[in-house]
Amino acid sequence: MNADDLRRWDNEHVWHPFTPMLEYRADETPIIVAADGFDLIDIDGNRLLDGVCSLWCNVHGHRVPEIDQAIRDQLDRVSHSTLLGLANEPSILLAKELVDHAPRGLTKVFYSDSGATAVEAALKIAFQYHRQKSPKQEHRDLFVTLDGAYHGDTIGAVSLGAMDVFHATYRDLLFRKLTVPTPVTYRVPAGHTPESYLDYCYAQLQRVIAENHQKIVAFVIEPLVQGAAGMLVHPEGYLKRVRELTHAFDVPLIADEVAVGFGRTGTLFACEQEDVCPDILCLAKGITGGYLPLAATLTTDEIYNAFLAEPKEGKTFYHGHTYTGNPLGCAAALASLRLFDINDVLGNVRTIGARLHERLNQFSQHCRFVGEVRQRGTMIGIELVKDRESRQPFSADIRLGQQITRAARRRGAFIRGLGDVVVLMPAPAMPVALIDRLCDIAFESINEVMERLSNSP
Ligand SMILES: *Cc1c(COP(=O)(O)O)cnc(C)c1O
């Protein structure tokens, strides 16, 4: 296809997600036509190193022979058959594998197709569970989340969310929730030191759960790292504390591992690092190696058993999506899981995590606009500030993230930030040499934009 026609039709007909379309249409966005390893290739033949894993989902690179072959083999059998009244082989095998790999006690797998739908299913399962368990607790109608939470863009997931830029518009459509403060200390309220603020966060966590536990449906958390909020890294032990408190007050814990799952933080699932077993686990993004839309919501027997009853008792989970348990997606996910072992992907995360740490350290010492570098495994946020001392942010009108994205694109990498936070999220399987290239490009791009801003009045 002719590049000019495609660009015109893209501008005329495609509404891109999370995208100010006026700005987008004025830009010359690459049109991806192929990929090779960790590079995306655009219609003009330019290569772009995939610096954010095609939005946090790719794991082993693109066109991985083993995953490609698994999907082809499945294509030769059947592409889709429903899970409503039928079963299919890949979805059974994958459920078994997920249960074997997941934290203890998660034994049941409910499939859907995106992170938001995995969370949406979790919410409804938790809500219904309390109404059907014995003795039932119908008064539970509040979820607890963290400030800055992001759990997806369907209305239930948005109700849990606490990011004004994304969520404020829909306030009147949303259900009520309780929030606890995010335990991070880069900016603390006046009158607090970092230490006193962390104490306050832990105290609030305890207070909100202790005072409301009889009304709480579930506590929902992105374990270890709050991605969309700007790669906010929780202090060690916070997740464990959440689990202790939710246990003590009999509140189910929903772990949204849509972003952190599948190796990104150094373990297959982030919960493992604090030896936490949630009651419900949400998985998506990396589950298929970043190949196909598939998601899973795992639960315990305890929860699942509350739905076991004669049909006339009305305890069925009446929820699902047409492509639930899609065989192609499940086949890709099975192949991806096998590659974790074959290629020691978690070992690679340790290696490249250390390299990233070293490079980020050097860079932040030299660039006076780096306010804070946040990292857990391969998840990285570099917060840029106008003034390091006062931590004053840049004006939003500058479109800093967008400028850096463009500068990186000219140098041959695709990165996409969150406001003034430059995000790097290399694939867990990316080799060290490419990590160095990604760092070079990202740092040069930041320097270029910072120099331009320093020189403009
Ligand atoms: C991306 C994300 C979601 C939503 O996933 P989609 O597949 O985009 O619907 C949910 N939770 C977290 C933590 C995420 O990062």
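Colleague: Does R359 count as buried or exposed, and at what relative accessibility?

Modeller: Buried means under 20% relative accessible area, exposed means over 50%, and partly exposed lies in between (1.4 Å probe, protein chains only). At 12% relative accessibility, R359 counts as buried. Please note that this is a predicted model, in which local features need pLDDT of at least 70 and side-chain atom pairs count only at pLDDT 80 or more, while totals for chains, interfaces and linings use all residues. Residues are numbered from 1 along each chain as its sequence is written, and side-chain values use heavy atoms, with hydrogens and water left out.

Colleague: With which residue does R359 form a salt bridge?

Modeller: Side chains of opposite charge can pair when their charged atoms come close. A salt bridge is defined as a side-chain nitrogen of Lys or Arg within 4 Å of a carboxyl oxygen of Asp or Glu. Here R359 pairs with D440, and the closest N and O atoms are 2.7 Å apart. This pair links distant parts of the chain, since R359 is in helix α13 (residues 345-366) and D440 is in helix α15 (residues 432-455), 81 residues apart. Helices (H or I, at least four residues) and strands (E, at least two) are DSSP runs, numbered from the N terminus. D440 counts as partly exposed, at 34% relative accessibility. Both residues belong to a network of salt bridges that links R355, E358, R359, D436 and D440.

Colleague: How many salt bridges does a search of the whole structure find?

Modeller: The search finds 27 salt bridges. One of them joins D301 to K108, with the closest N and O atoms 2.5 Å apart. D301 is in helix α11 (residues 301-305) and K108 in strand β4 (residues 106-112), so the pair links parts of the chain 193 residues apart. At 32% relative accessibility, D301 counts as partly exposed, and K108 is partly exposed as well, with a relative accessible area of 25%.

Colleague: Which parts of the chain does the salt bridge between D250 and R140 tie together?

Modeller: The closest N and O atoms of D250 and R140 are 3.8 Å apart. D250 lies in the loop between α10 (238-248) and β10 (253-256), and R140 in the loop between α6 (115-132) and β5 (142-146), so the pair ties together parts that are 110 residues apart in sequence. R140 is buried, with a relative accessible area of 2%.

Colleague: Which residues surround the ligand?

Modeller: A residue is near a molecule if one of its heavy atoms lies within 4 Å of it. The ligand is surrounded by W56, S114, G115, A116, Y150, H151, G152, E222, D256, V258, A259 and K285. By class, this shell has 5 nonpolar, 4 polar and 3 charged residues (Ala, Val, Leu, Ile, Met, Phe, Trp, Tyr, Cys and Pro count as nonpolar, Asp, Glu, Lys and Arg as charged, and the others, Gly among them, as polar).

Colleague: What lies 2.7 Å from a nitrogen atom of the ligand?

Modeller: A polar side-chain atom of D256 lies at that distance.

Colleague: Where is H130 found, and with which side chain does the side chain of H130 make a polar contact?

Modeller: A polar contact is a pair of N or O atoms within 3.5 Å; within protein, one must be able to donate a hydrogen and the other to accept it, and residues adjacent in sequence count only if both atoms are side-chain atoms. H130 is found in helix α6, and its side chain makes a polar contact with the side chain of K133 (2.9 Å). The backbone oxygen of V217 lies 2.8 Å from a polar atom of the side chain of H130. At 0% relative accessibility, H130 counts as buried.
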